[in-house]
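Dear colleague,

I am handing over the structure below, together with notes on what was found in it. Please read the notes with the coordinates open beside you.

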Number of protein chains: 2
Amino acid sequence: MPRPKTIDRTAILAAALDVADADGVPAVSMHSIAKRLAVTPMALYRHVANKADLLDGIVELLMAEIMADVPAPGPAAERDAWLDALIRIADRARAVASRHPAAFTLLLSRPAASAAAREVRAHIHDLLRQAGVGGDHVERLERIVTTTVLGMAAGQASQRFAHHPPGVLDEDVRALATFVTAGIEPFRTPAEKACP
Amino acid sequence: MPRPKTIDRTAILAAALDVADADGVPAVSMHSIAKRLAVTPMALYRHVANKADLLDGIVELLMAEIMADVPAPGPAAERDAWLDALIRIADRARAVASRHPAAFTLLLSRPAASAAAREVRAHIHDLLRQAGVGGDHVERLERIVTTTVLGMAAGQASQRFAHHPPGVLDEDVRALATFVTAGIEPFRTPAEKACP
DNA sequence: ACCTGAACACCGTTCAAGT
DNA sequence: ACCTGAACACCGTTCAAGT
């Protein structure tokens, strides 16, 4: 006579994200999550392999949240559509970072091997190809661009740049877009380059 | 009759870095460090405020190691000297990251407010000014460049990019240099720009 | 001044047991 | 199948005590 299921992996990850948002990543523990779900710590091990798996689950959740509502890249409907799409993903990353400032740091400290992470990578590969980036540079450039965008979002959200005056964030975002766009330029096929 | 001093902050931080290198950041604990120093955990609290202070100390150590042997920027002895200097700092960051892959992640998750961190920042500010970056963009661009360089070094060292084929690291480094150089370009004064 | 010892609430994870 | 309970070694940090 099997018991009714009271928790599942989704509920556990959601609770973990709640704890991280409320009390920081160090407060994320099997005990604290279990308490929040009104369950014994050991009950979690039926749905989560161990704590590392749990943290990776949070990363997966954040990645999925970044990609939510981002349409798959069409066949380059308009010229420079790739740039708009890239900026939209960066904006979403910033939004997610400000909603989950503490948890967001995990994105840079853990390998991004989940399905959601691979989806984000594949998406950006497509965009870079549309931008005319040569095949052997696509993955390399994706790593660089992703690191820069996620790193800046994490840094702003987690107060790593606490020393700099607030209120200039908009300008920071614009500068980042300019930086990334110009940084990609040398990797695009000559046909796309312009020099007035 | 005061006791002879058996440990100091420097020894504690060195031991902490050893533990992180050997067994990962999660293994860095007051107990594990104390055991390594043949001392009671409580003995550490005379030299370190708490665990957060200890982790910040590791960041300080890594920053100092990055800046070791990097000469202060002279008055722009040669044109494009700034680029060589910037690349040298990035190379040193990569070297430190590969020596301390686990601990290096801390650089991106904790505020860089130590004296050593401020020194690195000031150094890069000077280099960017030499490159002709306008005053109101210098700090902004330093944050972007630092995030990109440290983020890539951390990602490579900590296997965050484990999915990509090994052995292409040299090409990755060259691409990163190209990307950063081109990304800075739009922020330089018109006099320095060239367009064949 | 500097370190020890005992103690606290908390942590990840195990094993065996209950329904 | 799913959860509980007791137990383990470990964790950060306190307080009072030793030299």
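Which side chains meet Asp172(A) and Arg143(B) in a salt bridge, and at what N to O distance? The two meet each other, at 3.1 Å from N to O, where a salt bridge is a side-chain nitrogen of Lys or Arg within 4 Å of a carboxyl oxygen of Asp or Glu. This pair crosses between chains, from helix H9 of chain A, which holds Asp172(A), to helix H8 (residues 135-157) of chain B, which holds Arg143(B); helices here are DSSP runs (H or I, at least four residues), numbered from the N terminus. Both Asp172(A) and Arg143(B) are buried, that is, under 20% relative accessible area, with exposed meaning over 50% and partly exposed in between (1.4 Å probe, protein chains only).

Before going further, please note that this is a predicted model, in which local features need pLDDT of at least 70 and side-chain atom pairs count only at pLDDT 80 or more, while totals for chains, interfaces and linings use all residues. Residues are numbered from 1 along each chain as its sequence is written, chains are lettered from A and ligands numbered from 1 in the order in which they are written, and side-chain values use heavy atoms, with hydrogens and water left out.

Asp172(B) and Arg143(A) likewise form a salt bridge, with their closest N and O atoms 3.1 Å apart, and this pair runs from helix H9 (residues 169-184) of chain B to helix H8 of chain A. Both Asp172(B) and Arg143(A) are buried.

Across the interface of chain A and chain B as a whole, 37 residues of chain A are in contact with 38 residues of chain B (contact means heavy atoms within 4.5 Å). The buried area is about 3300 Å², with 70% given by carbon and sulfur atoms; the term stands for the accessible area (1.4 Å probe) that two parts lose on being put together, summed over both. Of the area that chain A buries against chain B, Arg143(A), Arg160(A) and Phe179(A) supply 23%, more than any other three residues.

Sugar and phosphate account for 58% of the atoms of DNA strand D that come within 4 Å of the protein.

With kind regards

How values were computed: Near = heavy atom within 4 Å. Helix = DSSP H or I, 4+ residues; strand = E, 2+ residues; numbered from the N terminus.
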